[in-house]
Amino acid sequence: MELAGAIVALLGSIFLFLGALGLLRMPDVFNRMQAGTKASTLGTVLFLVGIALGQQEGAVVGKLVILILFILFTNPLSSHALARAAHHIGIPLSKKTVKDDLSNDVIKDDDQHEEGGAE
Amino acid sequence: MADLLYQIAGGIALVALLLAFIRMILGPSSADRVVALDVMTIISISLIVLISVLLGRGIYMDIALVYGLIAFVGVVAIARYLERGL
């Protein structure tokens, strides 16, 4: 059981590594965000599941389950807020971008007070 | 055997932490830096839990939980600040 847990944790750490590599290599903020967030969420969940498989005490496993649920809930939320903010302040997309449906939403300097509650 | 595999996993996660740190230093815009900081937080949570298991101190797991909470609030606050909503 402990060996299986160690192998799952190793798999998770490989996903963490690939996520960080994508963070380093992708061309613009939004690509980096999706590489970093999705791969590292999966990697962390696998890592923590792998550690939980090797434990016997119920309290430790319970804490790990709480931690996994917490990461699964909060990580997409924070990345969504960041992506929205990055698009609103007009950070340029990659040159290979085909379509941008939200291109009207970029904040101009003169109407920044109205933009917050407009959606 | 299992301990060795856990240590190798921790080493790979450390390399990932280093790569995210390089992106945080390079990152052309502030959003890049915040994304890299978010990824570094996630990797650090994994490493804190690993250290807590390897040293046999269950109390360190609470630190990982609280660190995740504070980092989540911090990232959302920075996002609101970038959006000029704060």
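## Elements of the two chains

Helices here are DSSP runs of H or I with at least four residues, strands are runs of E with at least two, and both are numbered from the N terminus. With these terms, the elements of chain B in this predicted model follow the order α-α-α from the N terminus on, and the secondary structure of chain B amounts to 3 helices and 0 strands. Chain A likewise contains 3 helices and 0 strands, and its elements, read from the N terminus, run α-α-α.

## Dimensions and burial

For chain B, the radius of gyration is 15 Å, whereas a compact globule of 86 residues would have a value near 12 Å. Along the principal axes, the C-alpha atoms of chain B fill a box of roughly 50 × 25 × 10 Å. Of the 86 residues in chain B, 41% are buried, while buried residues make up 38% of the 119 residues in chain A.

The sequence separation of the contacts can be given for each chain in turn. In chain B, 36% of the contacts with a separation of 6 or more are between residues 24 or more positions apart; in chain A, residues 24 or more positions apart account for 62% of the contacts with a separation of 6 or more.

## Packing of α2 on α3 in chain B

Helix α2 of chain B covers residues 30–55 and helix α3 of chain B covers residues 60–82; their axes come within 9 Å and cross at roughly 175°. Because angles over 145 degrees count as roughly antiparallel, α2(B) is roughly antiparallel to α3(B).

On the side of α2(B), the residues that meet α3(B) include S30(B), A31(B), V34(B), D38(B), T41(B) and I45(B), and on the side of α3(B) they include Y60(B), M61(B), Y67(B), G68(B), A71(B) and L82(B). By class, the residues of this contact between α2(B) and α3(B) divide into 15 nonpolar, 4 polar and 1 charged.

## Contact between chain A and chain B

The contact between the chains takes 42 residues from chain B and 47 residues from chain A. On the side of chain B that touches chain A, the elements giving two or more residues are α1 (2–26), α2 and α3 of chain B, and α2(B) gives the most, with 14 residues. The side of chain B that touches chain A has 32 nonpolar, 5 polar and 5 charged residues.

## The largest nonpolar core

The largest nonpolar core has 52 residues, and those with the most contacts inside it are I51(A), L82(A), A16(B), A20(B) and V39(B). At least two residues of this core come from each of α1 (2–25), α2 (29–53) and α3 (58–88) of chain A and from each of α1, α2 and α3 of chain B. The largest share of the core is that of α2(B), which supplies 12 residues.

Leaving aside neighbours within four places in sequence, A20(B) is in contact with A20(A) and L23(A) in chain A, and with A36(B), V39(B), M40(B) and I43(B) in chain B.

## Individual charged residues and a histidine

R80(B) has its place in helix α3 of chain B, and it counts as partly exposed because it has 15 C-beta neighbours inside 10 Å. R80(B) and L69(B) are 11 residues apart along the chain, and their C-alpha atoms are separated by 17 Å.

E83(B) belongs to the segment after α3 of chain B. It has 20 C-beta neighbours inside 10 Å and therefore counts as buried. Leaving aside neighbours within four places in sequence, E83(B) is in contact with R84(A), A85(A), H88(A) and I89(A). From E83(B) to A71(B), a separation of 12 residues in sequence, the distance is 18 Å, C-alpha to C-alpha.

In chain A, H87(A) lies in helix α3, and with 20 C-beta neighbours inside 10 Å it also counts as buried. The C-alpha atoms of H87(A) and L3(A), which are 84 residues apart along the chain, are separated by 44 Å.

Key:
Residues are numbered from 1 along each chain as its sequence is written. Chains are lettered from A and ligands numbered from 1 in the order in which they are written. This is a predicted model: local features need pLDDT of at least 70, side-chain atom pairs count only at pLDDT 80 or more; totals for chains, interfaces and linings use all residues. Axes are lines fitted to C-alpha atoms, for helices over the stretch in contact, and angles run from 0 to 180 degrees between N-to-C directions. Angles under 35 degrees count as roughly parallel, over 145 as roughly antiparallel, 65 to 115 as roughly perpendicular and the rest as oblique. Two residues are in contact if their C-beta atoms, placed from the backbone, lie within 7 Å. Ala, Val, Leu, Ile, Met, Phe, Trp, Tyr, Cys and Pro count as nonpolar, Asp, Glu, Lys and Arg as charged, and the others, Gly among them, as polar. The radius of gyration is taken over C-alpha atoms; the globule rule is 2.2 Å times the number of residues to the power 0.38. A residue is buried if 20 or more other C-beta atoms lie within 10 Å of its own, exposed if 12 or fewer, and partly exposed in between; C-beta atoms are placed from the backbone. A nonpolar core is a set of buried Ala, Val, Leu, Ile, Met, Phe, Trp, Tyr and Cys residues joined through C-beta atoms within 7 Å.
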